[in-house]
Structure formats: C-alpha cells, structure tokens
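Q: Please take a close look at one part of this model and follow how it packs against the rest of the chain. Give the cut-offs for the terms as you go.

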Amino acid sequence: MKTEVVVGQAGEYLVASVFYEMGVQCVVAPTQGFDLVAFDNGEVYRVEVKTASKNYAIKKSLYSFSTSRGSKSKKRISAETCDVLALVALPLRRVFFISTATLTGKNKRLSQSRFVQGCEVASWKEATTWT
C-alpha cells in the first residue's frame, strides 16, 4: 500500500520529469507552500504538486485533488504561497497545470479526459499567463 508521502513524492518527480521534457528547468525543493521551483523564459514559478493515485470514488471518470493545506483547519492554496498548481493523475502519468489565481475552492476535480497527450505543454502555457 502506498503512503501519502510516497504518492506525493512520485508526483513531484513526475512533474520535474515533465518540466525537463518541456525544456523548463526546475528544482525539487519541498517547503511550506510549494514543492518545486521552475525557471521558464526568465521567470521563476513556485509550483505546488497535488497527486491523485486513483480516480474519484464517487465518479470514476474524475480525479479529485485537495487544493488546501493543513491538518486541522484547511486553508486554500493561494497565490501568496505558490504560483502554479500541478495536478498529477499518477495512474495515467500525466500532469495538468493551473494558475493558483484561478482557484475558488478547497477541492479541484478534473475529468480523466483532460489528461491527454500534450496537456502538460498547453496547460503550462495557460497557467503561466495568469501569474
């Protein structure tokens, strides 16, 4: 059985691998607020990684991600602590990026159909135009 820490680390390194494939330099640096620092076209982005190891229990065509942090009182991830959220569908080995400026709740659900070939490049471009 995978622990949350192992699943989270797998997601972080998958995102780092995707970044390198896209030509984006990065450093895995888990801190309070973000997991990676990415360097792209002279800009620096703080990236928080959220990893789903399985489909959403209620609707199997979705992946569900917590967009909050904290163990007792959950606080929504915001642009104050990171710039981009990397949502990892671990079984598919795919990443979808969103700007933290667009977050509205403490959970984000994405259809499995969003995690397609090329989604990483397209969603990264869109996420980094918001910051």
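A: The answer starts with a helix and moves on to the packing around it. The model is predicted, so local features need pLDDT of at least 70 and side-chain atom pairs count only at pLDDT 80 or more, while totals for chains, interfaces and linings use all residues. Residues are numbered from 1 along each chain as its sequence is written, and side-chain values use heavy atoms, with hydrogens and water left out.

Helix α1 covers residues 4-22; helices (H or I, at least four residues) and strands (E, at least two) are DSSP runs, numbered from the N terminus. Because the expected span is 1.5 Å times one less than the number of residues, the 19 residues of α1 should span 27 Å, and the end C-alpha atoms, 27 Å apart, agree with this. After α1 comes G23, with a positive phi near 85°.

The buried residues of α1 (buried means under 20% relative accessible area, with a 1.4 Å probe and protein chains only) are V7, G11, E12, L14, V15, A16, V18 and F19. In soluble globular proteins, nonpolar side chains tend to be buried together. A nonpolar core here is a set of buried Ala, Val, Leu, Ile, Met, Phe, Trp, Tyr and Cys residues joined through side-chain atoms within 4.5 Å. The largest such core holds 21 residues, and V15, F19, V47, F97 and W124 have the most contacts inside it. Two or more residues each come from α1, β2 (36-40), β3 (43-52), β7 (84-89), β8 (94-99) and α2 (119-130). The largest share, six residues, is that of α1.

W124 shows how these parts meet. Setting aside residues up to four places away in sequence, W124 touches F19, M22, V24, A38, D40, Y45, V47, V84 and F97, where contact means heavy atoms within 4.5 Å.

A second, separate core has 16 residues, including A52, F65, L103 and C119. A52 is found in strand β3 and counts as buried because its relative accessibility is 5%. Leaving out neighbours within four places in sequence, the contacts of A52 are Y63, S64, F65, V88, A89, L90 and P91. A52 and P91 are 39 residues apart along the chain, and their C-alpha atoms are separated by 8.2 Å.

Conventions. Buried means under 20% relative accessible area, exposed over 50%, partly exposed in between (1.4 Å probe, protein chains only).
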